[in-house]
Amino acid sequence: MAESSMPSEKTNPPLLSVRGLTAAFRSEGMSLDAVNGVDFDLTLGKTLCLLGESGSGKTVTMRSLIRLLPPTARIGGRIELDGVDVQSLDDEHLRAIRGTKVSMIFQEPMTALDPVFTVGHQIAEVVVWHEGVSWSAGRKRALEMLDLVQVPSARRRLDSYSHELSGGLRQRAMIALALACRPKLLLADEPTTALDATVQIQILLLLRELQRELGMATIFVTHDLGVACEIADRVAVMYAGRFVETGEIGEVIKTPQHPYTIGLLRSTVHAGSEKGRLTPIPGAPPDLLNMPPGCAFAPRCSRAVGACSDHVPELAQVKPGREARCILVSETTPS
Amino acid sequence: MKGEIAIQREHPTPASEPVDTLSATRPFLRVQGLKKYFRLRGGSFGLAGAYVQAVDGVSFVVATGETLGVVGESGCGKSTTARLLMRLIEPDEGQITLQDRNVGGHNGMSLRTLRRQVQLVFQDSYASLNPRHTMAEEVGFGLIAQGIKRAEARRRANEVLELVGLEPAIFADRYPHELSGGQRQRVNVARALALSPQLLLLDEAVSSLDKSVEAQVLNLLIEIKNRLNLTYVFISHDLNVVRFISDRVLVMYLGKVVETGPVEKVYTAPGHPYTRALIASRLSMDPSRRVEAAPVAGDLPSPINPPSGCRFRTRCPFAESVCSLREPPLEAFGDDPAHSAACHALIPGSGHSRAPAPGGEPSTRANGAPK
């Protein structure tokens, strides 16, 4: 079980280390750069939220980590997970770490679960396949897992098909499936976005509790600041395939540095929003096939200056553990 | 010519409109006992012949010029209600009255007239636009259907495109795939406005937009409403957005209205246990004050076989036997007569142990909420 207090973060070697991650989709006469250089470390017991809007590269970043992308994708950079160089793995070894070292939960459990097998069978199959145990042992684990994710009358649900479950139960079943072989890293791709408000909060609380209990590291992709506030330790705000701001979630919310983060906070309607007018970010996110030169946010940025279009600014340190990719930030705090 | 009225309503002149003098006393839209059951066809064993009770006896009014927010989770009937109001589907029972005229029926308002006054904006900005229409064709389509000449429709289309912030010279001849999500939703709003309706039904109109774009469209909706004196019914699952934009709210659960009232009342002093749970399920936006316990357990039951009596009783921490026996009526409680909820615990003499004494002062339980 990993300690998740502050000092241990410094001494623990990171579970996951990502350097210069890029992902591009190539097809005839076209190349789309979805992720343009992402670096981060993640230790056991911690949750990193990738926060961004559609097309910001958050999901592709996450899927690149286990190379779960279509064959047209080209993934570059270094990905080291628990001592394993993910980039060098062949298909067989890749399959071996998916489910044991790392597993993933998705936004839409209805399409992620197999409709022709019972929930119990699907969970047992993972255990049988990875751990070589008998089917009855696998089924026993499946029952434990459904109990763990607080599915009521779990024994009966073992023999349910996914269409027989409600949205919340389906998502719990998918979490049970993902955690069946006790992975060290959980990848969660907007797992609560399709859920109703009263169910969403239940699943977020469950994920927080499971992480406390099992001590795994989590990468959580979301577009919702509220969800990030509930679940994240650290947050990386993404825009056009790059991190534009990183830091502890509380600090990023309280003192955002990058103009995009500031704009995003201002344009989000929250419980304390004043009636009247919002302050939106003008324009729309850039077309990934036709990126502006320099800072990708410059065309929408009210503080943009000529130099913004010269080159992509570095992700500069504001203070330890806190970075922003903006020339205004790097000018005031030379690193 | 039929279309003339539509074209000329662009700049409302309250003095010359007999409608507006009436509106002070009479609601713009009145819905009474609206009911729609969908029959399940074939397929699932044992379910054939069963009904989805999508909307079951919904009544409400919308005053001229106000924004009524409708909130609820999936399956609560909010979208079905919108479609019933537009007569995209026929209600099984119930009456819709628009400015004192019945909609449908023998002597009622024709659908053509209804749809000139009420327009709907859908959630999916892409699916709701015809991929083979340019924006000008799309926006002008309804006008032509209402009998307006092509050239005039085109002129009007340009006018409303400009109104929603899309330069006609740039956008009029583009196709939906050439636009961003936010621009497409602006076109949907423009199309709805082309016939100069008085009421817009916005069914999750900003829900699929990115936050930075959602704020732009919300601002646009507010601006247009003020400029054209529109009335909105704003349907959304996003509690924060509904609070931001609405004057009054209607909270729905499994096809029923469980609470309605002025927005601040409902959000600060909710009466129905479901409303309280829904409001408490909102995320905090403050990592130091995280939600620590789920406000309500479980999922929504299926609307195919909804619970007897109060439909929320299966998830309600205060459910008692009376809740399964009788359906609670929607009644005013507390200090504001406009604020009502359908909960036995708030109704004097209902037989619920938390109910105020019959005939007694509503004093101590003024805000009725069982804690």
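**Contacts in chain B.** I began with sequence separation in chain B of this predicted model: of its contacts with a separation of 6 or more, 64% join residues 24 or more positions apart. Two residues count as in contact if their C-beta atoms, placed from the backbone, lie within 7 Å. I also looked up burial, and 47% of the 371 residues in chain B are buried. A buried residue has 20 or more other C-beta atoms within 10 Å of its own, an exposed one 12 or fewer, and a partly exposed one falls in between.

**Ground rules.** I number residues from 1 along each chain as its sequence is written, and chains are lettered from A and ligands numbered from 1 in the order in which they are written. As the model is predicted, local features need pLDDT of at least 70 and side-chain atom pairs count only at pLDDT 80 or more, while totals for chains, interfaces and linings use all residues.

**Domains of chain B.** I found domain 1 (2-8 + 27-127 + 195-251) and domain 2 (308-365), with bounds from an automatic or database domain assignment. Their centres, taken over C-alpha atoms, are 28 Å apart.

**The core.** Next I looked up the largest nonpolar core, which has 194 residues; such a core is a set of buried Ala, Val, Leu, Ile, Met, Phe, Trp, Tyr and Cys residues joined through C-beta atoms within 7 Å. Among the members that touch the most others are C49(A), I123(A) and L161(B). Helix α8 (residues 167-179) of chain A gives the most to this core, eight residues. Helices (H or I, at least four residues) and strands (E, at least two) are DSSP runs, numbered from the N terminus. Domain 1 and domain 2 of chain B both contribute residues, so the core lies between them. Leaving out residues up to four places away in sequence, I see L161(B) touching M135(B), V139(B), L166(B), P168(B), F171(B), A172(B) and A190(B).

**Between the chains.** I noted 37 residues of chain A in contact with 35 residues of chain B. On the chain A side, α9(A) supplies the largest share, six residues.

**One strand residue.** I then turned to R26(A), in strand β1 (residues 16-27) of chain A. Is R26(A) buried or exposed? R26(A) is exposed, because it has 12 other C-beta atoms within 10 Å. Leaving out residues up to four places away in sequence, R26(A) touches S31(A), T72(A) and R74(A).
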